[in-house]
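Try each task before reading on.

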Amino acid sequence: MATLLLLSYSILASLLLAPSHQHRTTTLEREVDRARIPPRGWNSYDSYSWIISEREFLQNAQLVAKHLKPFGYEYVVVDYLWYRRKVEGAYSDSLGYDVIDEWGRMLPDPARWPSSRGGKGFAEVAKKVHDMGLKFGIHVMRGISTQAVNANTPIFDSDKGGAYEESGRRWRAGDIGMKERKCAWMPNGFMSVNLETGAGKAFVRSLYRQYAEWGVDFVIIPVTSTVKHDCVFGEDFDLPEITYVSKVLAELDRPILYSLSPGTSVTPAMAKQVSGLANMYRITGDDWDNWGDVASHFNISRDMAAAEMIGTGGLMGKSWPDLDMLPLGWLTNPGSNEGSHRLSNLSLAEQQTQMTLWSIAKSPLMFGGDMIKLDEKTLELLTNPALLEMNLFSSYNMEFPYVSEVSRPKSPRPTDPPTRLIRETSPDVLASGKRIFHLQDCTNPGSNGWSESSDGRVCWNRNGYLKPICFHKRRLGSATNEEKLVTEEYDGKHHLTVDGTPELCLDAASEKKLTAGHIGQGSVFSRCRLATNQMWELADNGMLVNSYAGLCATVETYQAPPIPTGARSWMATGRSGEIYLAYFNLNERKTVISAKLSDLAGVLRGRNIKAGSCSCREVWSGRNLGTLRQALAKAVEPHGCLLFVLKCL
């Protein structure tokens with residue numbers, strides 16, 4: 001999600017490095033060697049969405065310290081909207097519910113974060129996290145909030161300690177907010193800042209200096225902060241802001257680890273522009289617990305490895321392509337207003353595949369499940385010693401293309417295209433043939449396909465032979481006296497519901513672009529409330545108009561590339577001379593995958609890889625496979641993987 005600020009000094013690398021690699025470092029050397037290894041930790045988003053409280057966060061942090069810190073997981077991160085009040089009407093893209101200071105900067109919601117009262121921000125939470133031996137992180141968004149721009153707050157000059165003044169006038173939020181550059185996935189929340197102005201630069205400086213100050217007074221040894229910066233990469237690429245934030249962080253007295261997010265539509269060329277400015281950068285959209293999301297990571301991780309982007313130079317240290325959080329264990333749903341309430345939808349084989357790919361691609365490992373409900377199976381996945389060793393110390397990491405499928409699965413039978421109701425999305429993330437409910441400008445053609453049926457429902461009827469998509473109209477004023485008072489204000493407009501859930505109403509989110517993880521999981525429905533984004537009007541011309549977005553609903557059929565299938569393989573070398581070889585079966589049926597030792601020797605020139613020279617162990621089963629001959633052929637479960645460790649004499 002957004003920008004991540006972690007507060008406390010990292011000693012993980014020095015603890016985990018082998019003795020031959022250990023050396024005494026000066027303070028300066030430590031400061032310029034940030035993210036020397038892929039960062040590891042826990043993030044609140046997958047299990048709590050935006051609603052986590054101080055009590056819940058500290059409970060999770062304590063359990064990270066107990067169960068995961070011994071395995072190198074050292075960051076605990078509060079994800080997005082920690083400044084949003086959890087009250088009626090607030091949701092992930094609502095407007096007007098945030099806590100901001102007199103300078104338009106975000107402050108923790110005091111109802112959820114009581115220790116923040118009195119202008120303390122996250123200082124007390126950071127201290128408690130540091131006392132656990134962990135590092136504290138927060139998520140922040142690009143630019144400036146719409147709420148601050150609407151309030152036209154003054155800009156804080158952190159150099160002078162007062163309002164920013166230039167050219168004989170005092171500058172305000174309305175002078176620097178770029179309304180034409182709203183965050184695509186949270187348009188009501190944030191917009192870019194004009195960094196060509198001194199006031200724009202002053203605002204950004206004041207943000208990041210404040211984040212650092214929230215922990216400085218409570219740090220005994222040098223502190224490393226981490227900033228996860230959202231809505232600046234991929235489809236929302238904002239190189240000027242990334243560049244300036246990187247400059248500000250480099251100038252701070254305390255070192256800050258800098259992470260960029262999200263990464264939909266990222267390319268190696270785009271990654272090369274930011275790798276030297278940050279320490280982590282997302283290369284995919286949000287990853288959720290469905291096989292399509294996991295499979296979508298194979299091509300982009302292959303391309304990043306081929307472009308030699310793994311562990312390149314970063315902000316005063318190294319940078320790492322980030323495959324996003326691990327949605328394992330107990331989770332919530334994207335954008336939800338509730339905490340963890342369900343187990344991950346991934347099978348055990350799929351979870352092993354995800355952990356293996358993330359580890360061999362040397363992605364940061366950020367666990368997203370609820371630590372309070374952590375189960376033994378999930379803990380075993382997160383702490384597998386072979387995977388953690390490979391994630392930290394392997395090299396020459398790349399896709400190994402010389403594998404074959406001994407038995408190919410039959411093509412699946414075609415099925416009728418399913419119907420999904422989701423918020424506005426882009427075609428490239430959709431499975432083939434789905435009908436998608438989304439919003440567009442009412443002047444665009446094709447929006448006038450709505451009509452009222454004989455039973456009073458509002459239906460989309462442009463699907464030919466397909467069953468119409470219909471909503472029930474829920475009359476305002478029919479539920480509560482409060483609603484009756486506002487019936488006149490919303491005269492002619494309705495709530496829209498579907499069968500079986502009359503208490504849930506259709507939401508609108510203009511410019512919302514969801515990743516593959518939201519499809520079939522994210523919902524466009526929330527509890528019915530008196531909010532303009534739930535008010536719909538069926539116009540005489542057949543358009544269904546939303547009162548808040550001012551946009552019209554439409555339903556279209558998108559054709560998108562299918563989920564990848566086939567056999568894939570990755571390889572890497574270990575610090576003690578071992579060779580890692582991973583088989584991945586992206587097919588729906590068990591598949592025998594085979595590789596020749598001669599092909600492996602051709603890639604790893606100079607290594608003694610030949611028949612009879614290599615012993616082999618498989619990690620997930622724990623089986624010793626003995627001495628290899630000409631090839632290594634094994635059956636792999638659907639969506640599963642095998643990880644071999646070869647030792648060649």
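**Exercise 1.** Is arginine 342 buried or exposed?

*Solution.* Keep in mind that this is a predicted model. Start with the relative accessible area of arginine 342, which is 14%. Buried means under 20%. Arginine 342 is therefore buried. Last, follow its side chain, which reaches the backbone oxygen of threonine 332 at 3.0 Å.

**Exercise 2.** Classify the ring pair of tyrosine 83 and phenylalanine 190.

*Solution.* A pair of aromatic rings is described by the distance of the centres and the angle of the planes. The count of aromatic pairs comes to 20. For tyrosine 83 and phenylalanine 190, the centres are 6.0 Å apart and the planes stand at 75°, so the pair is edge-to-face. Now locate the partners. Tyrosine 83 is in the loop between strand 2 (75-78) and helix 5 (123-131), while phenylalanine 190 is in strand 10 (residues 190-193), so the pair ties together parts 107 residues apart in sequence. Tyrosine 83 has a relative accessible area of 1% and is buried. Phenylalanine 190, at 4%, also counts as buried. Both rings belong to one aromatic cluster, whose members include Trp42, Phe57 and Trp214.

**Exercise 3.** How many of the nine residues of helix 15 are buried?

*Solution.* Helix 15 spans residues 385-393, and seven of its nine residues are buried. Among them are Ala386, Met390 and Phe393. At the start of the helix, a side-chain oxygen of asparagine 384 comes within 3.1 Å of the backbone nitrogen of alanine 386. Finally, look at phenylalanine 393: the charged end of arginine 575 sits over its ring, 3.9 Å from the centre.

Note on methods
Residues numbered from 1 in each chain as written. Predicted model: local features only at pLDDT ≥ 70, side-chain atom pairs only at ≥ 80, totals over all residues. Heavy atoms only, no water. Buried < 20%, exposed > 50% of the residue type's maximum accessible area, 1.4 Å probe, protein only. Helix = DSSP H or I, 4+ residues; strand = E, 2+ residues; numbered from the N terminus. Polar contact = N/O pair within 3.5 Å; in protein donor to acceptor, adjacent residues only side chain to side chain. Phe/Tyr/Trp six-rings, centres within 6.5 Å; stacked < 30°, edge-to-face > 60°. Lys NZ or Arg CZ within 6 Å of the ring centre and 35° of its normal.
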